[in-house]
Amino acid sequence: MPRKIVVANWKMHGNLATNQQLLQAYLDRLSALKNVEVVVCVPYPYLAQVQSLLQHTAIAWGAQNLSKDVVGAYTGEVSASMLRDFGATHVIIGHSERATAYCESDENIAAKFMQAKAHGLVPILCVGETLIEREAGVMEMVVAKQIDTIINLYGAAVFANTVVSYEPIWAIGTGLAATPDQAQSMHEFIRHRVASHNQEAAASLKILYGGSVNPQNAVQLFNMQDIDGGLIGRCSLSAQEFEGICQAAC
């Protein structure tokens with residue numbers, strides 16, 4: 001059985017001292033877990049620190065965003081090649097907290113996705129619906145549009161060996177996670193959506209669940225057929241809770 005992936009998204013948390021303590025606790029607690037792939041996505045200023053502390057370990061690291069441009073007069077932006085300079089292997093694309101706050105379009109997110117692919121980074125593409133959209137029954141239509149934008153622009157083959165994270169916006173940071181059946185239904189829909197265009201890409205695609213995952217609900221979520229792991233926010237800031245989630249993925 002392929003290994004599941006658990007990704008820590010620290011969001012805008014941490015400093016040099018607390019980062020070192022948390023990462024050391026990760027290493028102490030997770031070193032014995034062989035059947036799960038762990039990735040830590042940190043704020044840009046701490047990429048050098050995680051590179052220093054995690055190189056030659058089993059834990060990979062990445063960033064929480066990147067520019068859609070290669071190079072140029074884009075003050076405040078960070079390019080894919082810059083992330084590679086610090087050993088990053090993954091990058092979160094289109095997280096709803098960014099898409100909402102900075103009005104990122106699906107096309108803009110698609111361009112970032114392709115920048116990651118072009119530079120050998122694994123994109124973790126976030127998709128999901130609001131509570132209003134779920135209550136209206138249009139959640140699959142919303143997620144399909146997010147997926148289809150990339151397929152229509154670049155083809156479904158680009159989803160090979162990449163990661164999609166289904167994150168219902170109503171569950172992020174609220175303590176209210178999707179039920180295992182709700183999550184499984186959407187994960188199955190996403191996989192079939194890609195497979196309808198390219199079956200090989202769909203077979204290698206990893207689909208994570210994100211949104212108020214904790215050690216208790218992770219067991220049921222990760223047992224669902226199409227859930228390949230999790231994108232973890234709040235609980236990734238506690239080594240004990242993050243360990244519990246990673247154990248659920250083994």
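Where is the place of Glu167? Select Glu167: this residue is in the loop between strand 6 (163–166) and helix 8 (180–195). Helices (H or I, at least four residues) and strands (E, at least two) are DSSP runs, numbered from the N terminus.

The model on display is predicted, so local features need pLDDT of at least 70 and side-chain atom pairs count only at pLDDT 80 or more, while totals for chains, interfaces and linings use all residues. Residues are numbered from 1 along each chain as its sequence is written, and side-chain values use heavy atoms, with hydrogens and water left out.

Glu167 is buried, with a relative accessible area of 6%. Buried means under 20% relative accessible area, exposed over 50%, and partly exposed in between (1.4 Å probe, protein chains only). Now display the surroundings of Glu167. Leaving aside neighbours within four places in sequence, Glu167 is in contact (heavy atoms within 4.5 Å) with His95, Cys126, Val127, Gly128, Glu129, Ile172, Gly210, Gly211 and Leu231.

Move to His95, in the loop between strand 4 (90–93) and helix 4 (96–101). His95 is buried as well, with a relative accessible area of 6%. With neighbours within four places in sequence left aside, the contacts of His95 are Asn9, Lys11, Cys126, Glu167 and Ile172. On a 1 Å grid over the protein atoms alone, a pocket is an open set of points with protein on both sides within 12 Å along at least five of seven lines, whereas a cavity is a set of points where a 1.4 Å probe fits but cannot get out; lining residues have an atom within 4 Å of a point.

**Second stop: the listed binding site**

Select Asn9, Trp10, Lys11, Gly173 and Ser212, which UniProt lists under "binding site" in an unreviewed entry. They are spread over 204 residues of sequence but cluster in space, the largest C-alpha distance being 13.9 Å. From this set, Asn9 and Lys11 are in the lining of the largest pocket.

Centre the view on Asn9, in strand 1 (residues 4–9). Is Asn9 buried or exposed? Asn9 is buried, with a relative accessible area of 5%. Beyond four places in sequence, the contacts of Asn9 include Cys41, Gln64, His95 and Leu231. The side chain of Asn9 also reaches the backbone nitrogen of Lys11 at 3.1 Å. A polar contact of this kind is a pair of N or O atoms within 3.5 Å; within protein, one must be able to donate a hydrogen and the other to accept it, and residues adjacent in sequence count only if both atoms are side-chain atoms.

Step along to Lys11, in the loop between strand 1 and helix 1. Lys11 has a positive phi of about 55° although it is not a glycine.

Then select Ser212, in the loop between strand 7 (206–210) and helix 10 (215–222). Ser212 is buried, with a relative accessible area of 16%, and has a positive phi of about 60° although it is not a glycine. A polar atom of the Ser212 side chain lies 3.5 Å from the backbone nitrogen of Leu176.

Select helix 2 (47–54) and colour Leu47, Gln49, Val50 and Leu54, which are buried. These residues cover an arc of only 160° around the axis, which puts them on the same side of helix 2; the arc is that of the directions from the helix axis to the C-beta atoms. Their cover includes helix 1 (16–30), strand 2 (36–42), strand 3 and helix 3 (80–85).

Helix 2 is followed by His56, whose phi is positive, near 70°. Ala58 is in the loop between helix 2 and strand 3 (60–63) and counts as exposed, at 78% relative accessibility.

**Last stop: the nonpolar cores**

Which residues touch the most other members of the largest nonpolar core? Of its 71 residues, they are Tyr26, Leu125, Ile147 and Phe159. A nonpolar core is a set of buried Ala, Val, Leu, Ile, Met, Phe, Trp, Tyr and Cys residues joined through side-chain atoms within 4.5 Å. A second, separate core of 11 residues includes Ile5, Cys41, Leu208 and Leu231.

How values were computed: UniProt positions are given in the numbering used here, feature names are shortened, and annotations may be inferred rather than shown by experiment.
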